[in-house]
Protein chains: 2
Amino acid sequence: MKNNIQLYKHGKVMATGAVVELPEAVAKASKGIDHLSYFKQTISSDEIALTYRFDEKDMVVGFGETVKGLNKRGSELVSFCADEPEHLPNKKSLYGAHNFFIILGKEITGFFIDFPGTIHYDIGFVDKDVLNIKIDGLDVDIYQFTGDSLKSVTHEFLSIIGASYVPPKWGFGYQQCRWSYETADDIRRIGKEMREANIPCDTIYLDIDYMERFKDFTTCDDKFPDFENFVSEMKDQGFRLIPIIDAGVKIEEGYDVYEEGIKENHFCVDEDGNPFVAAVWPGLVHFPDFFKEETRQWFGDKYKVLTDVGIEGFWNDMNEPAIFYTPKRLKAFYDHVEKSKEKPLDIYSFFDLKGEAESLSSSPEDYRSFYHEVEGDLVRHDKVHNLYGYFMTQSAAQGLEAIDADKRFLLFSRASYVGMHRYGGIWMGDNDSWWEHIELSMKLLPAINMCGFMYTGPDTGGFQSDASSELLIRWMQFSIFAPLLRNHAALSSRNQEPFAFEEATTETLKNIIELRYGLIPYLYSSYMKAVGERSVYAANLIMAYDDERTREIEDQLLIGESLMIAPIYKQNRTGRLVYLPEDMLLWNANGAVVDSLKVMPAGDHFVPITLAEVPLFIRPDSGIILGGVAETVEQMDATQLTFLGYMKTGIEESYYDDDGVTKAYEQNQSLETTIRVVQSENGLRALVDFDQDSELMNVKIIVMDETGQRYEGIVTREASSICLEKVSQYDN
Amino acid sequence: MKNNIQLYKHGKVMATGAVVELPEAVAKASKGIDHLSYFKQTISSDEIALTYRFDEKDMVVGFGETVKGLNKRGSELVSFCADEPEHLPNKKSLYGAHNFFIILGKEITGFFIDFPGTIHYDIGFVDKDVLNIKIDGLDVDIYQFTGDSLKSVTHEFLSIIGASYVPPKWGFGYQQCRWSYETADDIRRIGKEMREANIPCDTIYLDIDYMERFKDFTTCDDKFPDFENFVSEMKDQGFRLIPIIDAGVKIEEGYDVYEEGIKENHFCVDEDGNPFVAAVWPGLVHFPDFFKEETRQWFGDKYKVLTDVGIEGFWNDMNEPAIFYTPKRLKAFYDHVEKSKEKPLDIYSFFDLKGEAESLSSSPEDYRSFYHEVEGDLVRHDKVHNLYGYFMTQSAAQGLEAIDADKRFLLFSRASYVGMHRYGGIWMGDNDSWWEHIELSMKLLPAINMCGFMYTGPDTGGFQSDASSELLIRWMQFSIFAPLLRNHAALSSRNQEPFAFEEATTETLKNIIELRYGLIPYLYSSYMKAVGERSVYAANLIMAYDDERTREIEDQLLIGESLMIAPIYKQNRTGRLVYLPEDMLLWNANGAVVDSLKVMPAGDHFVPITLAEVPLFIRPDSGIILGGVAETVEQMDATQLTFLGYMKTGIEESYYDDDGVTKAYEQNQSLETTIRVVQSENGLRALVDFDQDSELMNVKIIVMDETGQRYEGIVTREASSICLEKVSQYDN
């Protein structure tokens with residue numbers, strides 16, 4: 001059997017930790033990159049250039065978190081974790097460094113470039129037929145994957161980087177966030193409003209305001225008095241609180257984290273060996289040197305301060321690491337201003353001055369000014385920049401594991417590198433309340449999934465700028481299909497909680513979020529299967545279909561194996577065009593109650609979709625499993641479920657579940673329910689294999705056949721095989 | 001007969017000059033705005049608020065130059081001419097103030113708010129069902145238009161604001177621009193490359209570099225020696241040079257424009273009565289007070305400096321007016337920096353500092369710090385801000401008229417106000433090389449046309465950021481349908497002339513630009529008809545069709561009466577979906593030669609479109625007139641044309657032409673050719689009425705009927721009625 005993975009190395013052996021399950025045969029057979037015949041190579045004293053000439057129809061997919069579409073051909077990207085709040089079309093870097101991509105041409109070949117410094121990709125931008133990759137260093141591992149489909153090549157890659165992080169099941173609930181819930185009372189009010197509006201919600205977030213002067217692992221007693229009781233008060237109402245943890249540690253005498261860090265040499269150092277100083281939210285800080293095992297352990301243990309008071313989830317932020325300024329660059333700026341004052345400013349000097357202020361933050365010069373200790377050696381930060389967020393989140397994950405090895409904590413990060421997907425998810429960063437960013441989040445979800453990060457989602461409604469009610473509704477109609485469903489907004493932006501608009505909007509959002517909860521059995525099952533099978537949770541159509549049309553469709557996605565979605569992402573629309581690669585069953589859902597079903601033939605359709613409706617397309621001979629609605633995930637009724645299927649010749653679907661909170665799933669302690677619908681002499685028959693250990697007592701089966709005939713029946717443990725009854729159609 | 005126009009006034013009579021052809025009856029019957037029953041009104045001591053409650057399906061269209069789509073419902077806009085280089089989705093203002101909009105519901109009602117200060121429009125943003133208009137002042141004229149269609153209401157509006165500017169016909173040629181053609185030799189090289197590549201081109205632009213230290217009406221002898229000979233040398237090669245003129249006049253002893261301005265009191269003054277000082281490209285400048293008739297005359301006469309050396313066109317820039325900084329604000333910034341230095345910077349102080357630098361430019365405070373003389377009174381700039389660019393361009397137009405009253409000069413502006421459309425066009429400002437900005441320019445063209453500005457177009461290929469060859473090709477495939485077809489790029493961006501990419505790209509762009517020249521007879525005819533009939537040149541489908549689907553289609557446009565376009569505006573596409581409200585004839589053009597014809601039924605179609613193809617859809621029983629290709633518009637062969645029509649029951653098209661350079665058209669001195677195709681016993685018969693004064697000798701007729709049968713024939717002055725011959729189809 002041909003080996004589908006090849007490893008090519010250059011320089012000394014690296015240990016980024018991205019790849020952890022490489023078949024030994026591949027490791028042994030690894031070659032120098034001069035054997036990597038796919039690319040023309042040029043190796044100089046400090047960089048490696050790889051070149052490939054495209055065929056006319058070659059597509060390039062992958063690269064995870066970028067602002068680009070499905071096919072990256074014609075784009076420029078830079079692999080460099082960046083605190084980039086402006087997700088504009090010309091931005092070459094976002095927060096993650098995801099060096100996995102696939103070239104789809106006559107052959108399908110994937111590459112993972114395991115390199116923690118900067119990589120420049122010119123993917124047919126300068127010359128549309130030429131791929132140019134410039135690796136800013138010499139120590140690199142390149143993995144080549146071959147297969148007969150996008151799916152199989154992606155699978156090869158996912159198979160060697162380790163299984164994706166699994167959140168607690170409540171992490172699939174609706175999550176509410178905003179930067180500016182400044183006090184415990186603010187949080188209480190949010191919770192109260194959510195409950196009064198009867199909108200399901202599992203978590204409320206604590207952005208930077210909960211801390212005492214933005215110091216990690218502190219809580220502000222003035223604004224959040226008696227924090228432990230507050231956590232438990234909110235938990236009693238079904239809300240878990242999720243605090244933010246930033247990368248920088250405030251320099252402040254008497255602050256234990258700072259003092260320990262200094263004493264035990266946990267901080268990154270400057271060229272003189274002194275702790276490196278930068279400014280972020282707390283003012284002046286040091287950055288923990290997460291590259292050191294002992295520092296990871298030290299910092300990871302700190303999370304206990306918060307888990308001890310009942311916290312069960314965290315988001316790690318500012319870990320590119322973002323730098324607002326450094327004292328050194330601020331001084332240079334002041335000097336520049338001083339010089340400017342000496343003489344009248346010509347216009348270019350004026351722009352220089354303005355540019356100087358703009359470039360104070362996250363300056364490349366600063367990234368070249370501090371060092372990590374890697375196996376006893378000092379390594380300049382920029383050489384390994386892309387691993388910083390990775391190691392911070394590894395630190396957190398290992399800390400939490402030490403606290404409770406069997407408990408699933410919610411954990412996600414802003415910065416990331418391939419491999420970090422084992423420790424936590426990522427959110428899509430600081431987007432804007434723009435219609436374009438709904439579309440962007442639809443592009444990001446499958447691309448990020450392909451790089452192993454299954455737990456992800458956008459700041460629904462948009463972080464910066466002001467949201468309109470319609471924008472929030474349409475965005476929510478997409479986001480309910482993302483594993484991480486969070487509404488988040490920035491300080492000074494318009495309030496965008498589901499209850500912050502007209503009553504009709506609140507009602508619409510309630511229905512959409514209820515649909516999400518109804519879908520959780522299917523979504524969670526799909527998620528867990530993807531993690532287990534090393535496939536993806538959300539995919540572009542091209543992953544499953546190979547017709548020409550699907551190569552260019554970016555605004556419809558497959559969620560799991562049975563569902564296709566086609567959200568509206570433009571203002572003032574009453575419908576949209578949808579391409580069906582095969583005939584499907586449309587459920588134009590208005591809330592979680594199954595209604596409004598219609599069989600649609602393959603081809604292009606203009607589908608009318610009101611503001612209240614979420615169109616779900618069920619693939620032939622498959623179906624989705626639905627639960628009942630509840631205030632929180634944990635309150636959902638596990639005894640009864642609904643199965644909605646589209647029957648052509650026969651359906652067999654298995655539905656995964658587990659306890660949702662422990663890591664027992666790692667030992668295959670899961671619940672499996674299999675649902676079958678078959679043709680029989682007397683019409684359609686439904687059969688359910690109940691898992692012995694499951695609480696599930698009955699499954700309501702709703703099936704529509706090709707002719708649009710709807711069938712229903714309830715399968716119970718007692719009567720686990722029944723004939724379905726024809727019911728009258730009220731929608732076609 | 002019901003009068004379709006109503007005028008409501010408040011405050012003293014204004015004279016913005018926007019409306020010039022109001023029927024006397026309307027003027028006499030004008031009422032106070034308290035009679036304007038459409039809106040609920042609140043009038044305070046310094047502002048007027050108008051409120052309207054929408055019906056569910058109401059659409060709002062209009063507002064000219066904005067970043068928004070066809071239907072503005074759900075958006076916020078601010079009418080305030082802004083130097084806004086970032087055309088992001090949340091930007092509320094661009095360069096123009098175009099206060100004309102139409103509410104389409106059960107009734108169709110248009111409004112023009114004639115007010116030169118700031119107006120805030122909340123068009124169902126805060127509450128989706130409420131329109132809130134806040135007018136920052138009390139002196140306002142509001143015109144209400146009623147009609148039975150979008151088209152008729154638009155016509156009413158266009159009828160009272162005066163006829164649109166008409167450029168010379170060569171202004172429909174391809175125009176090449178870039179900020180950084182620094183020397184005459186740079187320009188020579190551009191011309192040479194264009195001619196060597198055989199790409200038609202009529203003009204090359206001179207951005208700010210041609211001037212001596214950015215001083216208006218100077219040329220730099222070092223970089224452009226012997227300017228007059230250079231102008232004539234380029235003209236001999238078919239290139240007209242189009243210099244930029246900026247609003248600010250450099251403060252420099254010995255500079256005649258400055259010295260005259262001071263001596264004759266032509267400059268805006270500060271609160272102390274001294275000339276107001278701001279900094280733009282030349283460094284410190286004064287702004288001419290274009291609100292004064294004598295200043296307009298003085299500045300307008302200066303254009304003669306350039307027309308005397310052979311210049312025939314200008315673009316007026318920076319006339320919002322843009323302000324980079326003022327000495328006063330720069331001092332405040334320096335003081336702020338000085339204070340910041342005194343103590344360690346907390347993080348909010350740091351952002352204040354950074355924000356202070358960012359907000360140095362075009363600060364509202366500065367706009368409140370200078371004054372215009374209006375009828376002897378001093379008026380603070382911000383109160384009348386939106387008229388500044390208007391008056392500058394009026395000044396230029398009147399100056400040019402004084403130079404040669406019968407000559408059409410090319411003239412367009414960045415800032416504008418309704419009414420300025422009589423004096424010149426506008427370009428769409430400083431966009432980016434983003435795919436999204438192709439789409440934006442497709443939204444802008446019909447919206448800007450609706451407000452009277454017929455001569456307009458985008459910076460094709462994008463001003464800022466770097467263009468890829470594919471982006472430029474796709475953008476060009478749209479822009480060839482805009483009256484102003486200009487490729488323009490910013491300093492430091494990638495070169496994007498048609499010859500700057502791979503050879504295949506140059507070839508493709510050559511074909512597209514040749515198609516443009518082929519289309520000029522039709523485009524120019526359509527333009528002149530729109531100007532004459534007070535209709536629009538480019539329109540959204542909703543202007544002509546009233547089915548539900550066309551209400552939401554923004555990416556297909558009607559150009560003139562016979563043509564629909566559906567450009568590709570996304571990367572890596574091999575086709576796109578097109579909605580046909582009725583059956584049409586598709587010409588998938590590859591260059592200017594008619595080929596590849598196909599009849600398409602009404603409905604949705606996925607149309608394959610290669611990178612080389614431009615799809616043109618011809619409406620039933622109509623057609624377009626095509627010319628031959630030449631290096632310049634003036635070299636086009638006027639003796640023979642081609643007519644391409646789609647025949648169902650019968651075609652009658654008249655084609656407008658004129659000398660293209662004089663204003664004889666104002667006296668109806670035009671050429672009209674009428675082409676008819678009729679069913680006769682022997683098949684299709686074509687008849688052409690030649691204009692006696694025209695040079696046209698023959699018209700090749702190509703017609704396809706509903707069945708896809710193609711007919712051809714050549715009509716001459718001798719045989720002006722012929723039977724068309726069936727020709728074999730090579731494309732269906």
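In the predicted model, helix α3 (residues 184-196) of chain A packs against helix α4 (residues 227-236) of chain A at an angle of about 5°, and the two axes lie 11 Å apart. Angles under 35 degrees count as roughly parallel, and α3(A) is therefore roughly parallel to α4(A). On the α3(A) side the contact is formed by A:A184, A:I187, A:R188 and A:G191, and on the α4(A) side by A:F230, A:E233 and A:M234. Sorted by class, the contact of α3(A) with α4(A) comprises 4 nonpolar, 1 polar and 2 charged residues.

In chain B, helix α3 (residues 184-196) and α4(B) pack at an angle of about 5°, with 11 Å between their axes. The helices α3(B) and α4(B) are therefore roughly parallel to each other. Residues B:A184, B:I187, B:R188 and B:G191 of α3(B) meet B:F230, B:E233 and B:M234 of α4(B). This contact of α3(B) with α4(B) has 4 nonpolar, 1 polar and 2 charged residues.

A further helix pair in chain B consists of α8 (residues 327-342) and α9 (residues 347-358), which pack at an angle of about 165° with their axes 10 Å apart. Angles over 145 degrees count as roughly antiparallel, and α8(B) and α9(B) are therefore roughly antiparallel to each other. The crossing in which α8(B) passes α9(B) is left-handed. From α8(B), the residues B:R329, B:F333, B:H336, B:V337 and B:S340 take part in the contact, and from α9(B), the residues B:D352, B:L353, B:E356 and B:A357. By class, the residues of the contact of α8(B) with α9(B) are 4 nonpolar, 2 polar and 3 charged.

Backbone geometry was also examined. Most residues other than glycine have a negative phi, and most peptide bonds are trans. In chain A, the peptide bond from A:E320 to A:P321 is cis, with omega near -5°. Residue A:P321 is located in the loop between β19 (313-317) and α8 (327-342) of chain A. In chain B, B:E320 and B:P321 are joined by a cis peptide bond with omega of about -5°. Residue B:P321 lies in the loop between β19 (313-317) and α8 of chain B, and α8(B) is the helix that packs against α9(B).

A positive phi, near 60°, is found at B:F214, a residue other than glycine. The loop that holds B:F214 runs between β14 (203-206) and α4 (227-236) of chain B; α4(B) is also the partner of α3(B) in the pair with an angle of about 5°.

The largest cavity contains about 130 Å³ of space. Its lining is made up of 14 residues, and those nearest the centre of the largest cavity are A:Y522, A:S525, A:K529, A:E653 and A:S654. Three elements of chain A, namely α15 (503-533), β36 (622-626) and β38 (650-657), each contribute at least two residues to the lining of the largest cavity. Helix α15(A) supplies the largest share of this lining, with 4 residues. By class, the lining of the largest cavity consists of 6 nonpolar, 5 polar and 3 charged residues.

Notes
Residues are numbered from 1 along each chain as its sequence is written. Chains are lettered from A and ligands numbered from 1 in the order in which they are written. This is a predicted model: local features need pLDDT of at least 70, side-chain atom pairs count only at pLDDT 80 or more; totals for chains, interfaces and linings use all residues. Side-chain values use heavy atoms; hydrogens and water are left out. On a 1 Å grid over the protein atoms alone, a cavity is a set of points where a 1.4 Å probe fits but cannot get out, and a pocket is an open set with protein on both sides within 12 Å along at least five of seven lines; lining residues have an atom within 4 Å of a point. Grid points are joined across faces, edges and corners, and a volume is the space filled by probe spheres set on the points. Ala, Val, Leu, Ile, Met, Phe, Trp, Tyr, Cys and Pro count as nonpolar, Asp, Glu, Lys and Arg as charged, and the others, Gly among them, as polar. Axes are lines fitted to C-alpha atoms, for helices over the stretch in contact, and angles run from 0 to 180 degrees between N-to-C directions. Angles under 35 degrees count as roughly parallel, over 145 as roughly antiparallel, 65 to 115 as roughly perpendicular and the rest as oblique. A crossing is left-handed if the near helix is turned anticlockwise from the far one by less than a right angle, and right-handed if clockwise. Contact means heavy atoms within 4.5 Å.
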